[in-house]
Amino acid sequence: MSLGALALAALLFVLVPLAASRGPLSLCVSEPATFPQDGIAGWEDDQLENAAIIIRTASAQGFTRGGQILGVMAAMGESSLRNIDYGDWETSGIVNPDGTRTSSIGLFQQQEWWGSAETRMDPAGAATLFYNRLARLPNWQSMTPTHAIHRVQINTDSEHYAKFEQDATEIVDALSGPCSA
């Protein structure tokens, strides 16, 4: 055995057990400092902070993992988890069915009939509006996630949110670790 191969074997003998002894990444939904610098499933920084707000809001309203995933999926599909002060009219010229300009803003791209601009631009307030409507949707738990969100958000494409389910699940699961007391 060459000296290089021997050194590599010795290094692996030390590093592999060391790496295996580390526990899983401990993330806490209420502690953004624990969120990984390189993100989760391609989502990072303020996107993860907004997802955490959605998860905490859902939990406070009694929604478990399934409902939390729906909220994160909805905000991914509506705003890429960014709290933006513009919407479909400004980006795509989309109008309401009656021909009026849309007034969508915030994480969930909620129009003015959802609530005040201040509430829609507050991530917890916007999540509360979303979850209040979801709670009134009969049997939402038995629906396909994208269809339940579609019924709440009234998006033109009922399949729009499906592509976000895996990422939303990863984020909810990652941020649902134990928090220090």
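These legends accompany several close-up views of a predicted model.

**View 1**
Before zooming in, here is the overall layout. The protein has eight helices and zero strands. Of its 181 residues, 40% are buried. The helix labels used in the views below follow the order of the sequence, from the N terminus.

**View 1. R82 and D46 meet through their side chains in a salt bridge.**
Two salt bridges are counted in this model, and this view shows the one between R82 and D46, with 2.7 Å from N to O. R82 sits in the loop between α3 and α4 (88–92) while D46 belongs to helix α2, so the contact ties together parts that are 36 residues apart in sequence. How accessible are the two partners, R82 and D46? R82 has a relative accessible area of 35% and is therefore partly exposed. D46 is also placed in the partly exposed class, because its relative accessibility is 36%.

**View 2. A salt bridge joins R65 to D173.**
The closest N and O atoms of R65 and D173 are 2.7 Å apart.

**View 3. D38, E44, D45 and E49 form a patch of negative charge on the surface.**
Look here for the four acidic side chains that gather together: D38, E44, D45 and E49. One of them, D45, is found in the loop between α1 (3–21) and α2 (46–60). With 48% relative accessibility, D45 is classed as partly exposed, because that class runs between the 20% limit for buried and the 50% limit for exposed.

**View 4. The backbone of D45 has a positive phi.**

**View 5. N139 has a positive phi without being a glycine.**
Phi of N139 is about 60°. N139 is located in the loop between α6 (123–135) and α7 (145–153). Is N139 buried or exposed? N139 counts as exposed, because its relative accessibility is 57%.

**View 6. F63, F108, F130, Y131 and W140 are linked into a cluster by ring pairs.**
The count for the model comes to five aromatic pairs. In one of them, F63 and Y131 make a tilted pair, with 4.7 Å centre to centre and 40° between the planes. This pair links distant parts of the chain: F63 lies in the loop between α2 and α3 (65–79), Y131 lies in helix α6, and the two are 68 residues apart.

**View 7. W113 and W114 form a stacked aromatic pair.**
The ring centres of W113 and W114 are 5.6 Å apart, and their planes make an angle of 25°. Why is the pair called stacked? Planes under 30 degrees apart count as stacked, and the angle here is 25°. W113 is partly exposed, with a relative accessible area of 47%, whereas W114 is buried, with a value of 8%.

**View 8. D157 and T146 are 9.4 Å apart in space, C-alpha to C-alpha.**
In sequence, D157 and T146 are separated by eleven residues. Where does D157 lie? D157 is part of the loop between α7 and α8. Its relative accessible area is 38%, so D157 is partly exposed.

Terms used:
Residues numbered from 1 in each chain as written. Predicted model: local features only at pLDDT ≥ 70, side-chain atom pairs only at ≥ 80, totals over all residues. Heavy atoms only, no water. Patch = residues over 30% accessible without salt bridge, like charges linked within 9 Å, V, L, I, M, F, W, Y side chains within 5 Å. Areas by Shrake-Rupley, 256 points an atom, 1.4 Å probe, with all protein chains shown as cover. Lys, Arg positive; Asp, Glu negative; His and termini not counted. Charge placed at Lys NZ, Arg CZ, Asp CG, Glu CD. Helix = DSSP H or I, 4+ residues; strand = E, 2+ residues; numbered from the N terminus. Buried < 20%, exposed > 50% of the residue type's maximum accessible area, 1.4 Å probe, protein only. Phe/Tyr/Trp six-rings, centres within 6.5 Å; stacked < 30°, edge-to-face > 60°.
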